[in-house]
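Visitor: Hello! Could you walk me through this structure, one question at a time?

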Amino acid sequence: MNISNSRRIVIKIGSALIAPDQDGCRARYLLTIAQFIVRCRAMGKEVVLVSSGSVAAGSHLFPEDAKNSSVVLKKAMAAAGQTEMMATWDRFFDFPSAQILLTHGDLRDLERYNSIRETIFTLLEHGILPIINENDAVTTDELKVGDNDNLSAMVAAAADADVLLMCSDVDGLYDKNPNLHEDAQLIPQVSEISEDIYAMAGCATSQVGTGGMKTKIEAAEKATSHGISTYIVNGFKESTFEQLLAGNNPGTVFLPYDVPMHSQQHWMTHTASEQGEIIVEHSYAEELKDHAEPLGAENISDVRGEFAVGDTILVRTEKGERLAKATTNYSSCLLNFLAEQEQTSDNGHLQESIGPVISEQDIAILEKS
Ligand SMILES: Nc1ncnc2c1ncn2[C@@H]1O[C@H](COP(=O)(O)OP(=O)(O)O)[C@@H](O)[C@H]1O
Ligand SMILES: N[C@@H](CCC(=O)OP(=O)(O)O)C(=O)O
C-alpha cells in the first residue's frame, strides 16, 4: 500500500519540524506538510495527524530555564506549547481541526480505547482533521506512552488506518545513525522487523526528538502487525511529499504482515499493558505454545500482582517465559482466595466449578523474542 492508493493515513510529525529552532512554532516545514494534507484530502483520503512538538514549541516561553530539563518544567512547556502548536496548524487549513490529547492510561483501557476510536471516526465522517498528541501536562511515568512514534502506531491501529507516515529529520532508516556515520546507507524497504533491524537503530541526536529510530521501529512493528504499511520519511524536504503523492517511496517502507492480527489481539499485544501475571503449569504452557486454549483454575500455579475482571494480564511459564497476553474473567483476589481454599479446606472442588479463568478468544500468544 502506498499513499496514492491508501484510504486512511495517519501522519506523524516530529518536533524538529514544528519548532526547528526551539523558538516557537515555525511555518518553514509545516506549510509543505499542510499542503500535502490538503492534497490528500482533496484526493478523497482521510487523514489523522499525530503532532509532536508541544514541548519544543513552548520552551521559548521559559527562557530563564533553557538548560533545565526537569519533568515538571517540560509539562509546563507542553501545556503552553500545545495551544501555540494547535493555533499554527489551524492557520493552514480552511477546514476545521480537533485536538485529542491522550495518555497510555486512556489507550490501555478497552472502554476508553473504543471511545477514542468512536471520536476519531465521527470527526473523520464530518470532515474534521483530528490532531493528536500525548497529554504531557497531566501524564506520569505510570500513565505515559512516552514517545509519539509508538503513540502514532497505536492511533493508526485504533483509527483502522492503512498507512502510517512518520515524518522525521532524516531520509529514513539507515544501517547506522547517519548523523554520526558518514558512510551510513539508507534502507529503502524492510519486509521483516528482526533483531538486526533493531540493532541499526540509535537514539535521537537532536535537541528536541524523543526516542530516535528505536521508537520508530517499535512503532513500525506495532503498525505492520495490524496490516498498516509504515513509512519513515524526511519532512524537511518538499520532494518527499511530491514523491509520496506519485505513489513512490522516498524513504524507508516497512511492509505490512500478510496476515494481520485480529483487532482485539493487536490491542492486547501492542497497546494494553499488563496489570498482573498468571503463572501456568507446564502442561498448559506446552499446549499454549501450539494454539490458544481456555485456562482453567486448576492449571494455575501462581497469581502475581493485583488485577480486576477484564484487565489484561501476562501469562508466564514457571520458568519465567512470556507466553501470552490475555484478558481475565476473574480478579486476582478471587483467584488467590480459590487457591487458599484448595490448600486449607475441602473446598478444592470450587476451582473446578468456576468457568475458564481466561477464554480462548481473549488470548494473544506472544511471539518469542
Ligand atoms: N539507524 C538510524 N537511521 C536514521 N536515523 C537514526 C538512526 N539511529 C539513530 N538515528 C537518529 O534518529 C533521529 C530521528 O529521531 P528523532 O530525533 O526522535 O526524530 P523525530 O522528532 O522525528 O521523532 C535522527 O535524526 C538520527 O539522529
Ligand atoms: N508529546 C511530545 C512529543 C514527544 C516525541 O515523541 O517527540 P518526537 O520524537 O519529536 O516525535 C511533545 O509534544 O513535545
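**A guided tour**

Guide: Gladly! Let us start with Ala137, which lies in the loop between β4 (129-134) and α7; helices (H or I, at least four residues) and strands (E, at least two) are DSSP runs, numbered from the N terminus. The model is predicted, so local features need pLDDT of at least 70 and side-chain atom pairs count only at pLDDT 80 or more, while totals for chains, interfaces and linings use all residues. Residues are numbered from 1 along each chain as its sequence is written, chains are lettered from A and ligands numbered from 1 in the order in which they are written, and side-chain values use heavy atoms, with hydrogens and water left out.

Visitor: Is Ala137 buried, exposed or partly exposed?

Guide: Buried means under 20% relative accessible area, exposed over 50%, and partly exposed in between (1.4 Å probe, protein chains only). Ala137 has a relative accessible area of 35%, so it is partly exposed.

Visitor: Which residues does Ala137 touch, not counting residues up to four places away in sequence?

Guide: Contact means heavy atoms within 4.5 Å. Leaving out residues up to four places away in sequence, Ala137 touches Lys75 and Ala79.

Visitor: And Arg26: where is it found, and what is its relative accessibility?

Guide: Arg26 is found in the loop between α1 (15-18) and α2 (27-42). Arg26 counts as partly exposed because its relative accessibility is 29%.

Visitor: How many residues does the largest nonpolar core have, and which have the most contacts inside it?

Guide: A nonpolar core is a set of buried Ala, Val, Leu, Ile, Met, Phe, Trp, Tyr and Cys residues joined through side-chain atoms within 4.5 Å. The largest one here has 45 residues, and those with the most contacts inside it are Ile132 and Leu173.

Visitor: Which element gives the most to this core?

Guide: At least two residues of this core come from each of several elements, including β2 (46-51), β3 (97-102), α6 (110-125) and α7 (148-158). This core also draws at least three residues from each of domain 1 (8-254) and domain 2 (264-365), with bounds from an automatic or database domain assignment. With seven residues, the element that gives the most to this core is α7.

Visitor: Which residues does a second, separate core include?

Guide: This second core has 33 residues. Among them are Leu17, Trp89, Phe93 and Val253.

Visitor: How are the rings of Trp89 and Phe93 arranged?

Guide: Rings of Phe, Tyr and Trp (its six-membered ring) pair if their centres lie within 6.5 Å; planes under 30 degrees apart count as stacked, over 60 as edge-to-face and the rest as tilted. Trp89 is buried because its relative accessible area is 0%, and Phe93 is buried because its value is 9%. Their rings are 6.2 Å apart centre to centre with 5 degrees between the planes, and the pair is stacked.

Visitor: Which residues do ring pairs link into a cluster?

Guide: Phe93 and Phe95 form a stacked pair, 4.8 Å centre to centre and 20 degrees between the planes. Ring pairs build a cluster from Trp89, Phe92, Phe93 and Phe95.

Visitor: What sits over the ring of Phe95?

Guide: A charge sits over a ring if NZ of Lys or CZ of Arg is within 6 Å of the ring centre and within 35 degrees of the ring normal. Here, 3.6 Å from the centre of the Phe95 ring, is the charged end of Arg41.
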